Amino acid sequence: MSRNAAPSSPEPSTPESPQPLPDSVHELDLEGRKLYLIGTAHVSKKSVEEVRKTIEQVQPDTVCVELCQARYANLQRAEEWKKTDVVKVVRQGKALLLLASLVMASFQRRIGKKLGVQPGAEMAEAARLAESTGARLELVDRDIQITLKRAWASLGWKDRLKMAFHLTGSLFVDEEIDEETIEKLKKEENLQDALEILATAFPTLQASLVGERDTYMAQKLRGVQGETVVAAVGAAHVPGIRENLSLEVPLEPLEEVPPRSVWSRVLQWGIPLLILGLFAYGFYSRGLDELLQSVVIWLLVNGSLSAAGAALAWGHPLSVASAFFAAPLTSLNPLIGAGWVAGLVQALVKRPTVDDLEGLPEAITTVKGFWRNPASRILLVTAFANLGSVAGTFLAGGWIAARSIG
């Protein structure tokens, strides 16, 4: 009598072991919670993939990114750039700040075009995945305007002049990035954020552009909610964040904009008073003719150099004329600059369209783009008219002083 063999029981299935996380991910303890700190390169397809893989595998409660509200809005440029009110930017005296930000970002954007990835793409991907997975999104970086103002305040006058020449000079350089440079930049440690690049060029800015932000982001990470947290930050910030993560540091001192130094206020008001004093001295010592000649020198030199600055920025003829007439007066009034007047006139006669604002991120990747885009041209007119007026103040003031003393 035959017997059917009992069916063999299936082998117990072994659960697949989770895939290892990328080497750029640092698994840390966040006061009993899990923190996965990803050190990214800001212009790198590899970093985009590493951010995606980590979030999909970890499924965090919270996703943190190295962005402030303003920089996050810039990543959403398709909509946000449409809302930029350039006239308001000039009126609030923020034109030079915005122009400096664009200049710093321009080189990075050119690299991004070469590598086929937009700067900050890994941050945008983290934000997208946070939304698609239902995770909470937290912006943990300090406001860019506070960072730049604190950085500027930390510089001495020599470094300020050096930086001004550095940023202005870069506007005239449309250097092609060769393949050898691109290959070097593909290395993670070279693919830096614009602020980190600036800190490398000016070591005195290291504290405000990197060190303070490390501390700030570490404190923000300590305060986020969620049992499992993924944070995407530039690789250069990882060591500093890890070092500060166990420390409790108040954020308020890091968010303060330092007051202007006493010397800057003295110069702001002292130079106009000195010029007026030279006018008075000339009239007292040599009469009305000397006063009139000094006034003519002041009007022509100051006005001409400011107008030349506006013209160099391809300003509208009315903007150039407004710079000429405004500069001699605004140079004697520390509360307003000739560039503000010229920039406002430029904005009114050549107001940027929605297309111009949408095209601004692309325009700044070339020198021609800076000048051709009406939005960035307003910023250039403001900056160059101001620079011309400053040069005119010192040149005309020196000439008048030499005549009066001689």
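## Exercises on salt bridges

Glu49, Arg52, Glu125 and Arg128 form a network of salt bridges, a salt bridge being a side-chain nitrogen of Lys or Arg within 4 Å of a carboxyl oxygen of Asp or Glu. The model is predicted, so local features need pLDDT of at least 70 and side-chain atom pairs pLDDT 80 or more, while totals for chains, interfaces and linings use all residues. Residues are numbered from 1 along each chain as its sequence is written, and side-chain values use heavy atoms, without hydrogens or water.

**Exercise 1.** Find what arginine 71 ties together through its salt bridge with aspartate 141.

*Solution.* Start with the atoms: the closest N and O atoms of arginine 71 and aspartate 141 are 3.1 Å apart. Next, place the residues: arginine 71 sits in helix α2 (residues 69–75) and aspartate 141 in the loop between β4 and α7, so the pair ties together parts 70 residues apart in sequence. Helices (H or I, at least four residues) and strands (E, at least two) are DSSP runs, numbered from the N terminus.

**Exercise 2.** Decide whether aspartate 141 and its partner arginine 213 are buried or exposed.

*Solution.* First, the bridge: arginine 213 pairs with aspartate 141 at 2.8 Å between the closest N and O atoms. Then the cover: aspartate 141 has a relative accessible area of 5%, and arginine 213 has 0%. Both are buried (buried is under 20% relative accessible area, exposed over 50%, partly exposed in between; 1.4 Å probe, protein chains only).

**Exercise 3.** Locate the salt bridge of arginine 150 and glutamate 212.

*Solution.* Their N to O distance is 2.9 Å. Arginine 150 lies in helix α7 and glutamate 212 in helix α11, 62 residues apart.
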